[in-house]
Amino acid sequence: MAETPGLPARRGALKLLDAVLRRGETLDQAEKAALGGIKGPADRALARAIAGETLRWLTDFDALIDSATKKRLPEDAKPRGVLRLMLAQWLRLGTPPHAVIATALPLLSGGPRRLAHGVFSTLTKREVTLPEAPTLPDAVRMRWGGMAEDIAAGLTDPPEVDLCLKDASETASRAVAMGAGSIVPGHLRMPRGTPIERMPSFEEGAWWVQDFAAQLPARLLGDGGGKRVLDLCAAPGGKTMQLASQGWQVTALDISERRIKLMRDNLARTGLEAEIVNADALAYRPAKAFDALLLDAPCTATGTCRRHPDVLHRIGPRQIEEMVEVQRALIARAIDWLPEGATFNYAVCSLEREEGEEQAAWIDESFDLEPLPITADELPDGIAPTEQGWLRTHPGRLPAAGGLDGFFIARWKK
Ligand SMILES: C[S@@+](CC[C@H](N)C(=O)[O-])C[C@H]1O[C@@H](n2cnc3c(N)ncnc32)[C@H](O)[C@@H]1O
């Protein structure tokens with residue numbers, strides 16, 4: 001018998017959610033197994049959109065489900081999972097309730113199916129609505145403290161797509177040609193959903209996709225003028241390409257062969273150059289001295305929660321602690337290699353104080369480095385450095401321009 005059209009996308013979304021919420025996988029890691037059997041790109045995109053919206057608004061969907069059941073459904077009960085994605089389709093993706101019922105209920109049978117049908121019908125009759133911004137899980141709200149409310153406001157929708165231009169002098173002409181906005185020269189912001197890699201100018205190699213916040217660590221190293229920089233933890237090469245286009249002689253090191261391959265492809269497409277080293281930074285010894293080092297350290301990546309809402313549910317104290325240790329080992333190696341006078345930039349795309357502010361304070365205490373405060377005139381209007389001269393961005397910053405990822409950046413001189 002032919003399968004209900006649209007059912008594979010809902011089944012794929014349910015598998016994605018199960019992988020994230022039960023097994024702690026990232027959405028990206030889960031995709032191959034969860035969506036492998038889905039034929040069309042449109043259905044795969046729909047599965048991703050349903051799972052993404054479910055993870056973004058999970059706390060609110062669960063509150064609605066709980067308001068319509070006499071006995072609380074267990075966290076991992078299948079009817080709760082199916083109801084979550086039904087609510088994502090109805091309340092976030094605008095699918096009419098009858099179409100939601102037709103395409104998602106076949107994921108259940110018997111009693112669970114009747115239960116989900118009943119709960120969904122109760123909620124549609126009540127004409128429930130969502131709050132203006134998603135409610136963050138309690139543990140996340142506590143961790144993000146004073147930033148939490150603004151971050152939640154910035155999380156309401158998936159973000160627009162930022163590009164970094166190889167040649168900043170082309171900003172105005174490319175913005176007009178591509179219908180883009182721009183925060184500063186060298187940056188373009190494309191409307192959400194633009195099929196970026198299918199745009200004719202992609203193959204030309206004049207730009208690459210990179211969130212504006214992720215463009216700041218390399219920007220804060222300024223023009224290279226032919227000097228040497230070690231881009232430590234470099235793949236897939238967003239910051240390597242920026243540094244090369246800013247005139248640095250770049251050595252780009254990363255442990256991951258798969259990500260190094262992406263970096264090679266990116267450099268080939270953009271025609272930019274870097275010496276590539278595939279090595280574990282903890283076992284590497286550089287053969288030459290560098291004028292600057294950028295450590296874009298591995299982290300929990302909670303700053304990318306707008307595009308990867310799985311981090312809202314996967315990351316907790318254990319993962320943060322593990323990353324803090326990895327970062328400290330990398331920081332100690334990196335600082336040890338630097339000659340006197342060299343600049344050290346530390347960056348993480350994390351919203352966790354332990355990986356950002358507390359890590360910078362630890363560097364101040366533990367090493368003989370001179371702080372090199374980031375100044376307001378190096379930053380666009382609307383973003384200011386902290387008292388200590390560090391930079392903290394998050395999705396609630398620059399709301400009129402559409403927000404930006406969460407990053408922490410700090411700088412020293414040896
Ligand atoms: C935040 S990502 C880097 C993103 C990159 N800088 C960019 O702008 O495209 C962190 C990177 O650290 C790499 N990494 C993790 N542990 C490492 C190690 N011990 N040595 C070298 N690279 C490592 C990962 O493979 C990953 O590519």
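## Helix 11 and helix 12

Helix axes here are lines fitted to C-alpha atoms over the stretch in contact, and angles run from 0 to 180 degrees between N-to-C directions. In this predicted model, the axes of helix 11 (residues 212-219) and helix 12 come within 9 Å, with a crossing angle of roughly 50°. Helix 11 is therefore oblique to helix 12. The crossing of these two helices is right-handed.

On the helix 11 side, the contact is formed by Ala 214, Gln 215, Pro 217 and Ala 218; on the helix 12 side, by Gly 238, Lys 239, Gln 242 and Leu 243. Sorted by class, the residues of this contact are four nonpolar, three polar and one charged. Helix 11 is mostly covered, with eight of its eight residues buried. Among them are Phe 212, Leu 216 and Arg 219.

## Helix 1 and helix 2

Another pair of helices lies at residues 7-21 (helix 1) and 27-35 (helix 2). Their axes come within 9 Å and cross at roughly 140°. This angle makes helix 1 oblique to helix 2, and their crossing is right-handed.

Helix 1 contributes Gly 12, Lys 15, Leu 16, Ala 19 and Val 20 to the contact, where they meet Leu 27, Ala 30, Ala 34 and Leu 35 of helix 2. Seven of the residues in this contact are nonpolar, one is polar and one is charged.

## Around the ligand

The ligand has 17 residues around it, of which Cys 233, Gly 238, Ile 255, Ala 281 and Asp 296 come nearest. Helix 12 (238-245) and strand 5 (249-254) each supply at least two residues of this shell. The shell consists of nine nonpolar, three polar and five charged residues.

Gly 238, one of the nearest residues to the ligand, also belongs to the contact between helix 12 and helix 11.

## Backbone details in the loops

The loop between strand 4 (228-232) and helix 12 holds Pro 236. The peptide bond from Ala 235 to Pro 236 is cis, with omega near 10°. Cys 233 is placed in the loop between strand 4 and helix 12, and has a positive phi of about 70° although it is not a glycine. Cys 233 is buried, because 23 other C-beta atoms lie within 10 Å and the cut-off for burial is 20 or more.

Glu 127, in the loop between helix 7 (110-126) and helix 8 (138-144), is not a glycine but has a positive phi of about 50°. Is Glu 127 buried or exposed? With 6 other C-beta atoms within 10 Å, Glu 127 is exposed, since 12 or fewer count as exposed.

Technical notes
Residues numbered from 1 in each chain as written. Predicted model: local features only at pLDDT ≥ 70, side-chain atom pairs only at ≥ 80, totals over all residues. Near = placed C-beta within 6 Å. Helix = DSSP H or I, 4+ residues; strand = E, 2+ residues; numbered from the N terminus. Nonpolar A, V, L, I, M, F, W, Y, C, P; charged D, E, K, R; others polar. Parallel < 35°, antiparallel > 145°, perpendicular 65-115°, else oblique. Left-handed = near helix turned anticlockwise from the far one by under 90°. Contact = placed C-beta atoms within 7 Å.
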